[in-house]
Amino acid sequence: MTESAQTPMKAVVRDAIEEQVGHEFYAAYLYLSMAGSFEVANLPGFAHWMREQSKEELEHAMKFFDFLLDRGERVQLPALDSPPATFRSPLDAFEQALEHEKRVTASIHSIYDLAVREGDYPAQVLLNWFVEEQVEEEKAASEAVERLKMAGEDSAAILMLDAEMGRR
């Protein structure tokens, strides 16, 4: 293939966004693994919530992927680690989800800082959307953690939360 006629991105910004594509795909794997764990535990509502979250993460990965392509860049997809397959409890899974979202937020903030330093205005516009999205992602995971903490070991409360999460 031929070189792009577009203004090239600085390699450091391109590489950081390319790495973020991998983080987003890993998040999709992680949430899908959590969905499978909930299915095995007969908690279909939590499983549904995690499947929907996995789909969102795939959309995020593709948003970064397409951005690179739109800028005339080639994308080298990184290898992905295997996510954990078992979780001690619904609370454990959602606490891990919240911690993962916090890591993603930190990564996006880091890329944003890099885009500012490098004067990459299109990347800053893209990343503005992700900064807002991460506020929503952390809020959703945090609310689930707090509600599961309130439920404690009460099976009836957990089943009620499971039913509610299935309506996502």
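## Helices, packing and loops

Helix α3 has 28 residues and spans 41 Å from its first C-alpha to its last, close to the 40 Å expected at 1.5 Å a residue. The expected span is 1.5 Å times one less than the number of residues, and helices are DSSP runs (H or I, at least four residues; strands are E, at least two), numbered from the N terminus. The model is a predicted one, in which local features need pLDDT of at least 70 and side-chain atom pairs count only at pLDDT 80 or more, while totals for chains, interfaces and linings use all residues. Residues are numbered from 1 along each chain as its sequence is written, and side-chain values use heavy atoms, with hydrogens and water left out.

| Helix | Residues | Span, first to last C-alpha | Expected span |
|---|---|---|---|
| α2 | 27 residues | 38 Å | 39 Å |
| α3 | 28 residues | 41 Å | 40 Å |

The packing of the helices comes next. Two packed helices are described by the angle between their axes and the distance between the axes. Here axes are lines fitted to C-alpha atoms, for helices over the stretch in contact, and angles run from 0 to 180 degrees between N-to-C directions. The axes of α1 (residues 11-40) and α2 (residues 44-70) come within 8 Å and cross at roughly 165 degrees. The two helices are therefore roughly antiparallel, a term for angles over 145 degrees, whereas angles under 35 count as roughly parallel, 65 to 115 as roughly perpendicular and the rest as oblique. Their contact comprises 20 nonpolar, 4 polar and 6 charged residues. In this grouping, Ala, Val, Leu, Ile, Met, Phe, Trp, Tyr, Cys and Pro are nonpolar, Asp, Glu, Lys and Arg are charged, and the others, Gly among them, are polar.

Helices α2 and α3 pack at about 15 degrees with their axes 12 Å apart. That angle makes α2 roughly parallel to α3. In this pair, Phe46, Trp49, Met50, Gln53 and Glu57 of α2 meet Pro90, Phe94, Ala97 and Glu101 of α3, where contact means heavy atoms within 4.5 Å. The residues of this contact divide into 6 nonpolar, 1 polar and 2 charged.

Ser37 belongs to α1 and, at 18% relative accessibility, counts as buried; buried means under 20% relative accessible area, exposed over 50%, and partly exposed in between (1.4 Å probe, protein chains only). Apart from neighbours within four places in sequence, Ser37 contacts Ala85, Thr86 and Phe87. Asn42, in the loop between α1 and α2, is exposed at 61% relative accessibility. The phi of Asn42 is near 60 degrees, positive in a residue other than glycine.

Val75 lies in the loop between α2 and α3. Residues up to four places away in sequence aside, Val75 touches Glu18, Phe65, Leu68 and Leu69.

Taken as a whole, the chain has 5 helices and 0 strands. Of its 168 residues, 43% count as buried. The C-alpha atoms fill a box of roughly 60 × 30 × 25 Å along the principal axes.
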